[in-house]
Amino acid sequence: MQNYDLLIERIAKSAGLEKEEVGRRVEAKKAKLSGLISKEGAAQIIAAELGINFEDQDLKISELMSGMKRVNVIGKIINLFPVREYSKNGREGKVANFVIADETGNTRVVLWDVNHIGLIEDGTIKQDDVIEIKNGSTRDNEIHLSGFSELKKSAEVLDSVKSERMVSEESLDKVLQGQSVRIRGVVVQVFQPRFYSVCPECGKKVVSTDEVFNCGEHGVVVPKERAILNFVFDDGTETMRIVMFSDQISCLIPEEDLKDAEKAAAFRDDFLGTEIYLSGNVKRNQLFNNLEIVASGVEKVDVDKLISELDSEK
Ligand SMILES: [Zn+2]
């Protein structure tokens, strides 16, 4: 709500309109689009229609929305993650992340530029520092900094920052049984895939006796093999075991390829160390009595795409 109010205020000021008028236009836009977009989304459209863009403006964290370019923000680093190295498609590199907060909210900042990352590595920028960002761009509720962005320590003092985690940002150390979550993290261990036999008709597990497979419903069948893939996922707060079934696996690799030892090994090598957005449901593993996540979606953080997008944003 606060986010929306600030946004309306900013649009009103930039356009020389009353706040109430901007609010009315937003409501009208939302109604016209059959309520398919959020109030914030409708406000963005109104802003664009009024010829207002948020580029080169100093914004509060709660005013940030996905898809903004050239934003300037000041915030205090409330969570600094270790610098990570990655190797993707022959490209070696490093990436750094931290969470900054101001009095309105907090957000993750992702650094791709070696000079920026160097500031963390040499201790120039550290936990609890107030930093200033210029020319950052936003995507997926994060601020990304390219070589064209500026990152430096700020002389500003931020006393009361909003450090409570934002609702949309979950972390492994806080997940609860039964929750569905979406978390960004890294694959830190990949186990050998396992296979089990299912009925080709109904997809249920089949029982085998002396090489004969029996489905409770369909009798003797020639079973299909299904894969299960387990890996360990680390989001910087905790590690957790993830379980992936066929449908999800096939988004990453054809399930058949997992039966080929060489292809399976190559896949494991490649998947290890990959940064992903993991969606899934938190379940309790009865055998080990710990929490694990059954994946419902795995989306790779596309390093190459991000870099090329950032490169084109001079
Ligand atoms: Zn069956």
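Two strands are taken as paired if DSSP finds at least two bridges between them, strands (E, at least two residues) and helices (H or I, at least four) being DSSP runs numbered from the N terminus. The structure is a predicted model, in which local features need pLDDT of at least 70 and side-chain atom pairs count only at pLDDT 80 or more, whereas totals for chains, interfaces and linings use all residues. Residues are numbered from 1 along each chain as its sequence is written.

Strand β12 (residues 212–215) is joined to β13 by three bridges, and the two run antiparallel. Within this pairing, F213 has V221 of β13 as its bridge partner. An open, antiparallel sheet of three strands is formed in the order β11-β12-β13. Because β11 (207–209) and β13 (219–221) are edge strands with a single partner strand each, one side of each has no neighbour in the sheet.

The largest nonpolar core comprises 23 residues, and those with the most contacts inside it are V73, I100, V109, L111, I133, I143 and L145. Such a core is a set of buried Ala, Val, Leu, Ile, Met, Phe, Trp, Tyr and Cys residues joined through C-beta atoms within 7 Å; a residue is buried if 20 or more other C-beta atoms, placed from the backbone, lie within 10 Å of its own. At least two residues of this core come from each of β2 (71–80), β4 (91–101), β5 (106–111), α4 (114–121), β6 (130–139) and β7 (142–145). Strand β4 supplies the largest share, five residues. Apart from this core lies another, of 19 residues, including V190, A227, M240 and L278.

Note on methods
A residue is buried if 20 or more other C-beta atoms lie within 10 Å of its own, exposed if 12 or fewer, and partly exposed in between; C-beta atoms are placed from the backbone.
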